[in-house]
Amino acid sequence: GLFAWHLKNTGIRQIPCQFVHLCHVANDRLITFQYFNFLKRMYVTQYNKDLSQRAKPKSDSVASPFRELQQLDQEKKVIHKIRPISPVHQPLSETSSRNELREMKSAAETEDSVAPVRAESKEDRQWKEMKLRLDDLPGILARLSKIKLTALVVSTASAGFAMAPVPFDLTCFLLASLGTGLASCAANSINQFFEVPFDSNMNRTKNRPLVRGQISPLLAVSFAASCGVPGIALLTLGVNPLTGALGAFNIFLYTCCYTPMKRMSIANTWVGAVVGAIPPVMGWTAATGSLDAGALLLGGILYSWQFPHFNALSWGLREDYSRGGYCMMSVTHPGLCRRVALRHCLALIGLSTAAPLLDITTWTFPVISLPINLYISYLGFRFYRDADRSSSRKLFFCSLWHLPMLLLVMFTCKKSFLEKEDKGDLLGGNHGGAMEIRLP
Amino acid sequence: PPAHSHNDWIGPPDKHSNLRPVIFYVPPEESPLERRLREARQEAQACDQRFWARHNRTFHQEKEEFIYSRLKAKGLEMRDETGQKATLNAEEMADFYKDFLSKNFRKHMQYNRDWYKRNFTITFLMGQVALVRALKWLRWKKKNVGN
């Protein structure tokens, strides 16, 4: 109860925090079973974190739906509120329309015992002076840069860095993470700058800073520039030019390709998936300085993950997308939407099997990851067959814990240097030298 | 907004367009550049308001019509015995959403183009105004320091 309340009030995304914890933990190789359970519990209780924020210039879809998530978030809020309020009972079946949910929500809100939420909706109905207050600024900029999504992106980049078969360099790691984070902030801010009237009309996004007039567009663009330029410079000069180029390319892809494409063609989903796949590749190139097969594999895993994640999410947002003019598969090509989600769930199994073949992990990785990959594929199949709200929600929530767990397992199964060296000695020769074996 | 305020004021979202109206403050010594900016913002606000109010109204109207025609085809009334409004499930509504989106595609393309253009122009004007103000302030500072 308290836990769920805390989750509700800590904002849209819980996952990113977990990811950060995940990365720290993973990097210390202190993975315990309790931690897994903790993650599972977090995700299950975190029902509606609408991670539909696809975008994130870098890993948009990572755990955070690139696309609009808020609707689910609100529905979740409604469901949490409905339970204590038994008289206001409404069946949350597939047949309940969005309007009913909204009515429920407003009914629930009036009986809301959580004071901050009530205060916020009252404040919302007042006229506000458009004056920037300095103590509000950090919160506003955090929301502008979609800080939770950014944290998630940085986590996937860290995962890419950690999986690279080189000795761990702390300075490089920190610089790469910081650079990625800054680039992500920049891209997210530009995305919000481009989408003000559309965000106003969608439930998920109507509380964004630019929509509410808490910040001027000029300030948003200046902030984006002051994050993006140092971020990319840091990556290019402090890490290596390849990572910097990838970062700049990802910002461009997210702001100039994905964002406008959302309103033009369903192909935006594929572009968004690439945007999400690039951060781990960046982490890898930051560590090794080159684009190996391993980097592409990690990118591939994240690319495939985006589809079940986003497609499941977008299934519940069809009304808002239709009214807002967004071209999404779930609205225009629902059959394709479900097929693609299932296809990519299965692809994850294939990619996990390819990991040991590319000498990134041991063979325990595909074995251990098979249960979770099979489970998400099963949910993907259910979504494909049933095509209803409950199967889409199940798939979405599964995707939220599936990715961190997969990355965690991958890290624990990472092939160590010593193993590689032994293998080399045993076979009396090199292995086509994809990586140098450096002793610490 | 109070008369003594020197800032713009932003209100709650409009019922039809979901956009928040802004009341612009007109400073007594408004420069031509600042006036251009304010007028651009007012015009943009009016355009957006017109578009979204009409678009949302059309959406709700067509949605009602769709629900009505589907319910009729099923032989049901708009309201059931308890007086609750009858609704269709998400899968039945999906046909309507798909249809509505494709019908309005062209309208959205046109609006997108206009919106991007307006957004860039206004932000650029804001930049110019900010720059002019900053230079004025620097000159004022230099004058004061000189004294």
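**Entry 1: salt bridge.** I looked up A:Glu319 and B:Lys63 and found their side chains joined in a salt bridge, with 3.1 Å from N to O. The model is a predicted one. The rule finds one salt bridge across the interface of chain B and chain A. For polar contacts across this interface I noted 16 residue pairs, both residues at pLDDT 80 or more.

**Entry 2: the side of chain B.** I then listed the elements that give two or more residues to the side of chain B that touches chain A: β1 (9–10), β2 (22–23), α1, α2 (90–103) and α3 of chain B. The most comes from α3(B), with 13 residues. By class I wrote down 24 nonpolar, 14 polar and six charged residues for this side.

**Entry 3: extent of the contact.** Chain A puts 45 residues into the contact and chain B puts in 44. I read off a buried area of about 4000 Å² between the two chains, with 60% of that area from carbon and sulfur atoms. Which three residues supply more than any other three of the area that chain B buries against chain A? They are B:Ile10, B:Arg20 and B:Leu101, which supply 15% of that area.

**Entry 4: largest cavity.** I counted cavities next; the structure holds six of 30 Å³ or more. The largest cavity has a volume of about 510 Å³. Its lining has 25 residues, and the closest to the centre are A:Val196, A:Leu210, B:Val22, B:Asp48 and B:Trp115. Two or more lining residues come from each of α10 (196–200) of chain A and α1 (32–74) and α3 (105–146) of chain B. I noted that α3(B) gives the largest share of this lining, five residues. The lining divides by class into 16 nonpolar, five polar and four charged residues.

**Entry 5: second largest pocket.** I put the volume of the second largest pocket down as about 860 Å³. Of the 26 residues that line this pocket, A:Met130, B:Asn7, B:Asp8, B:Arg41 and B:Arg133 lie nearest its centre. Which elements give two or more residues to the lining of this pocket? I found α11 (217–239) of chain A, together with α1 and α3 of chain B. The pocket lining has 13 nonpolar, five polar and eight charged residues.

**Entry 6: cross-check.** I went back over the lists for α3 of chain B.

Technical notes
Residues are numbered from 1 along each chain as its sequence is written. Chains are lettered from A and ligands numbered from 1 in the order in which they are written. This is a predicted model: local features need pLDDT of at least 70, side-chain atom pairs count only at pLDDT 80 or more; totals for chains, interfaces and linings use all residues. Side-chain values use heavy atoms; hydrogens and water are left out. On a 1 Å grid over the protein atoms alone, a cavity is a set of points where a 1.4 Å probe fits but cannot get out, and a pocket is an open set with protein on both sides within 12 Å along at least five of seven lines; lining residues have an atom within 4 Å of a point. Grid points are joined across faces, edges and corners, and a volume is the space filled by probe spheres set on the points. Helices (H or I, at least four residues) and strands (E, at least two) are DSSP runs, numbered from the N terminus. Ala, Val, Leu, Ile, Met, Phe, Trp, Tyr, Cys and Pro count as nonpolar, Asp, Glu, Lys and Arg as charged, and the others, Gly among them, as polar. Contact means heavy atoms within 4.5 Å. Buried area is the accessible area (1.4 Å probe) that two parts lose on being put together, summed over both. A salt bridge is a side-chain nitrogen of Lys or Arg within 4 Å of a carboxyl oxygen of Asp or Glu. A polar contact is a pair of N or O atoms within 3.5 Å; within protein, one must be able to donate a hydrogen and the other to accept it, and residues adjacent in sequence count only if both atoms are side-chain atoms.
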